Amino acid sequence: MKLKKRLKKLSGKWPGFKAAVGVVFVFCSIASHAQILNPPEGKDFNFHQKFNPEFIKLNKIEKIRCDIDNKKDGDRIRHTFKSSIYEFYPDGRIKMISQINHKLRDTLINHYTYAGGRLACEVKNDAAGMFSYCYVYDDGKPTQIKYGRSERYRSLTASVNPDLVSEITSERYEHKAYGNQMHSTLYNNSGRPYQKEIRYYDEHGYMVKYLKTFVMSSSTLEEQYRYNERGWLDSLIVSDNGINTQKSFTYDEVGNLQSEDIYREKELIKHREFVYKSENMFLRAELTREEKSAQITITEFTYTFRKENSK
C-alpha cells in the first residue's frame, strides 16, 4: 500500500501514526550497506550535506525529488504545492538544491562547487540577484570567507560562475589549538575580531562541546554532544541565550537514522521519523509532527539515476 493511502487511514492521533511507521522500521534492521542519510554531527569545520555522498555515488543517484504534503489531526492530506530537488555530482557530493513553490512559480537555489575535497563556494539567489559565500582553507580549516554578489543571468551556469561575482566583504578565521580544544576567532572586513568559537574534544577525538560568543555583546551559543555506545550522536543539548533545546536521535542496528525528537525547555515540540524501503534502504519518506499545530508534514522521495545505471 502506498504511503499516502496508508496515512489517509490514520485516525489523526499521534500514537496511531507512530505505530503505522514503526512497522516499516522492523525491516530496516536487515540493511548491510552505507546509510543514505548523513548521521547528525557536531559543529565542526566540515560541510555536511543531508545525503551521504558514499551512498549517492554507489547507487549512481543523479537527483532526489522531495514532495511535501501536510496533514492535520482529523483532516485529510493536503498538498502544499512545494517540492525540493537535490542534484548531485557523480562523486555523490551535492551540486544544487532547488526549493520550488509551484503555486507562486518561485524557485530558490543553492549551488555548490568544490576544490581539493572542500566546499569552495555556495551560491544562492534572492530578489536582487545572486549572492555567494566562498572559502579558503589551510590544514582543513577555513581561513577566509568571502561574500559576493552577481547578476542573475538567463543561463544558470553563468549565474553561479564564481568568476562573475563581485566581492563585497571578506572575513578571516584564525585558529589555535590548546590541548583538546580548538579556539577560533572570526575577524570582520576591517580586521577586528567579533566572534569567538571553542571546540572541545575528548581523548578519542569526539567533539563534546561547542561554544560561540560575540566580542561586542553577551550573546552566547553552547552545544553539548552525547554519543551512544556505537559512537553515533545520541543527543544534542543547545543553550542559545538562555533558551534550552535538546535533540535526541535513534538509529537502527546499522546506523540508519530512525527518529529525531526536539524538546524546548523539556517540552516535546517536534517528532520526526524516517521510513526506508526495505529492499534497498532508500529513503521513502520523512514524517514530521509539530506538536503545537498538531500537524504532520509528509515528505516523499523519488529518485533519478544516471544513465549508466540499470535501475
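The model is predicted. It holds one disulfide, which joins Cys-121 to Cys-134 with an S to S distance of 2.0 Å. Cys-121 belongs to strand S5 (residues 118–126) and Cys-134 to strand S6 (residues 129–138), so the bond ties together parts that are 13 residues apart in sequence. The torsion about the S-S bond is about 115°, so the disulfide is right-handed. Buried here means under 20% relative accessible area. Cys-121, at 7%, therefore counts as buried, and Cys-134 is buried at 16%. Cys-66 is also buried, with a relative accessible area of 4%.

The largest pocket has a volume of about 910 Å³. Of its 36 lining residues, Lys-50, Tyr-86, Glu-260, Arg-272 and Glu-286 are the closest to its centre. Strands that each supply at least two lining residues include S1 (61–72), S3 (94–101) and S14 (243–251). Strand S2 gives the most, with five residues. By type, the lining divides into 18 nonpolar, nine polar and nine charged residues.

The second largest pocket holds about 650 Å³ of space. It is lined by 32 residues, and Lys-43, Asp-44, Tyr-135, Tyr-173 and Arg-199 lie nearest its centre. Strands S5 and S6 are among those that each supply at least two residues of this lining, as are S7 (141–150) and S8 (166–178). S5 and S6 are also the strands that carry Cys-121 and Cys-134, respectively. The lining of the second largest pocket comprises 16 nonpolar, five polar and 11 charged residues.

Technical notes:
Residues numbered from 1 in each chain as written. Predicted model: local features only at pLDDT ≥ 70, side-chain atom pairs only at ≥ 80, totals over all residues. Heavy atoms only, no water. Disulfide = S-S within 2.5 Å. Helix = DSSP H or I, 4+ residues; strand = E, 2+ residues; numbered from the N terminus. Buried < 20%, exposed > 50% of the residue type's maximum accessible area, 1.4 Å probe, protein only. 1 Å grid on protein atoms, 1.4 Å probe; cavity = no way out; pocket = protein on both sides within 12 Å on 5 of 7 lines; lining within 4 Å. Points joined across faces, edges and corners; volume = space filled by probe spheres on them. Nonpolar A, V, L, I, M, F, W, Y, C, P; charged D, E, K, R; others polar.
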